[in-house]
Amino acid sequence: MSEPANISPAERPAAPGSRRRLLLIGLIVALFGAGGAAFALLPLSKPAAIAPLSAPQAPYDITTPDALIESVSLSQLPKAVLEVPLLRELLTEDLVFYYEHNADRLGLLGALRRIIYEHDLTLKESLLTELLDQPVQMALWRGQDGRLSDTIMVLRRGGLAKLLEPLAKVAASDSQLTQVAEIAVGGDITPVYQLRYGAGKRLLLLSHDDQLVIFSSPDMLLSLADGETPAVLEPAMVALAVGLLQGEQPFAQHFALPPRGELRQRITLGASVLAMGYERLMPTFSGVRFEQGNEGWQSYLALSEVPGQSALDFTPIWQAMPMGASACVALPLIPALYENLLVQLGAEQQRVEALTDYISGVAGLCWYGDSRLYSPLVVLKLTEVPPPEFDQMLGTLFGHLVGAVEPARAEGVFPVVTKKSTEGTSWQRVVSSRFGQYPAAKAPAPEQISGPAFFKVSLLRDNEMLLFSLDDQLLDKARNTLRHRFPPLAEVLPKDRQVPAYLAPNTLSTLLKQEMLSSLPRDMEPVFRNAAETLLPRLSHLATQQSYGVVLPNTIAPVGTWSWLALEWRPL
């Protein structure tokens, strides 16, 4: 039985903050599951002093792309994606239609048609289609907005080599196709052509022997000057272009990929793409790859060896997670990595060191269909049951970092409600937010809620388990799971392998449908609301799919960087 609640005012937040930052904690908590306990206590009202984790800024490392697509025929890739059973029910032929009618593709097609017509060339209008039907290697980099926007394509021209020769002859007199530079490749002089298309877009083309290299932006290779001043070539990019034209494959080497062999499609995504700029918080995770061969699609996970990484065992996480999750993920932690982050967030160095001493090497988070996308349940296993001093430090940290300025309260913040029991301690604070789980009318003092709703942000230390959520009902369910009064997720997961991820499409579709409709009110976003409603039948199809557990070998010991492990999507 729990002792009577001990309600004590917490420290006033050091500076005012936006209530929208409560939504941020929901997102950051997700990273906490993959990145560490520091993010479970991210401040809602105190501005963080840590430098922003933003997308990489150009110039970037040309030898380390963020993603790589290798295909026997790029034009067949959208159709190949639809062969994945789970995606076949979610996506439609609209994916292929969008690819075929993409604005950039249509712009390129229009430019080529004009050149062919005005210069009376004997080229077929299907030239672009035939080019995309060739074997291709496409490396992609994240731009300043975080999206994969900068691209280098390497195609084998094959029988198209002679078809492309007439284009070179018109470069001296065409307004859209011009020669802007030259580079030396194996003793030959190779011209660099610029093609203008669409609304002010440009790309560069280089060809030598059987290779055609396309840069999605001239800025990647050279600095175009005005007037008579020649373009300035970037030496590092020129060296890369020369190597690509001579058949080198530096991008596959970066990802430590085996030869493609008979694979029809291979897509490799680095952690920088999936982690959206937060990859340095989970250095063990390197990336994933998906490849289509004669037996269908296969998937792989890449891990890197990191000093201080303990043995990976996700079983305790799933034993604490309640049954009924929509989607879950578990990833390694590097406890020492987050000490500096917590200190910069305002925690004392001594307390941080004592806290991270008890953090083990794994954490997990789950989303539930009866909750919200921004309020997952986060579970972390401690190395052992900590002493009472640990709870004191954790409570102080929670009170200092979690909260929002509440103008209607004299203290400026709601108190932290602390409850102790024989199994551990829980902390809870009411936080006003328009995204809140409860309407303001349900608060003990509704007039003190500065907004339409509020959360009961909760943290629980139960023996050697640490749990956090913006949704206090999920935390209560997890407590009952630990007390064996509610079944754990572990009961439905494979027992013979490590399980880093779980997917239940039937409840995930409910969660996605709720988030889609709530973010697009009919009276405020009628157009997007109607568009979203056209997708709802696809989510209903998703709900008919069976659940999957993603499994890895029991022994996970990455060596060096980019250690690839085969993923098995096991039906449950």
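This is a short walk through the structure, one selection at a time.

Before you click anything, know that this is a predicted model, where local features need pLDDT of at least 70, side-chain atom pairs count only at pLDDT 80 or more, and totals for chains, interfaces and linings use all residues. Residues are numbered from 1 along each chain as its sequence is written, and side-chain values use heavy atoms, with hydrogens and water left out.

**Stop 1: the disulfide**

Select C328 and C366. A disulfide joins these two, with 1.9 Å from S to S; the term stands for a pair of cysteine sulfur atoms within 2.5 Å. The structure holds one disulfide, and it links distant parts of the chain: C328 sits in strand β14 (residues 325–332) and C366 in strand β15 (residues 359–368), 38 residues apart. Strand and helix names here follow DSSP runs, numbered from the N terminus: helices are H or I with at least four residues, strands are E with at least two.

Why is this disulfide right-handed? Look along the S-S bond of C328 and C366: the torsion about it is about 115°, so the disulfide is right-handed.

C328 counts as buried because its relative accessibility is 4%, and C366 counts as buried at 0%. Here, buried means under 20% relative accessible area, exposed means over 50%, and partly exposed is in between, using a 1.4 Å probe and protein chains only.

**Stop 2**

The structure has three cavities of 30 Å³ or more. A cavity is found on a 1 Å grid over the protein atoms alone, as a set of points where a 1.4 Å probe fits but cannot get out; lining residues have an atom within 4 Å of a point. Points are joined across faces, edges and corners, and the volume is the space filled by probe spheres set on them.

Which element gives the largest share of this lining? Colour β14: three residues of the lining come from there, the largest share. The elements giving two or more residues are β13 (296–303) and β14. By class, the lining of the second largest cavity has 10 nonpolar, no polar and no charged residues. In this count Ala, Val, Leu, Ile, Met, Phe, Trp, Tyr, Cys and Pro are nonpolar, Asp, Glu, Lys and Arg are charged, and the others, Gly among them, are polar.

**Stop 3: rings and charges**

Next, pick W141 and F251. They form an edge-to-face aromatic pair, 5.8 Å centre to centre with 80° between the planes. W141 is in strand β3 (residues 136–142) and F251 in helix α9 (residues 250–254), so to speak two distant parts of the chain, 110 residues apart. W141 and F251 are both buried. Rings of Phe, Tyr and Trp (its six-membered ring) pair if their centres lie within 6.5 Å, with planes under 30 degrees apart called stacked, over 60 edge-to-face and the rest tilted. The structure holds eight aromatic pairs. For a cluster, select F255, W562 and W564, which ring pairs link together.

Then try R289 with Y300: the charged end of R289 sits over the ring of Y300, 4.0 Å from its centre. K456 does likewise over the ring of Y438, at 4.9 Å. "Over" asks for NZ of Lys or CZ of Arg within 6 Å of the ring centre and within 35 degrees of the ring normal.

**Stop 4: helix α8**

Select residues 235–245, helix α8. Eight of its 11 residues are buried, so α8 is largely enclosed by the rest of the structure. Among the buried ones are M237, V238 and L240. After α8 comes G247, with a positive phi near 95°.

**Stop 5**

Most residues other than glycine have a negative phi. Click N463, in the loop between β20 (453–462) and β21 (465–469): its phi is positive, about 50°. N463 counts as partly exposed at 26% relative accessibility.

Is H484 buried or exposed? H484 is exposed, with a relative accessible area of 73%. Find H484 in the loop between α15 (472–482) and β22 (498–503); its phi is positive too, near 65°.

Conventions. 1 Å grid on protein atoms, 1.4 Å probe; cavity = no way out; pocket = protein on both sides within 12 Å on 5 of 7 lines; lining within 4 Å.
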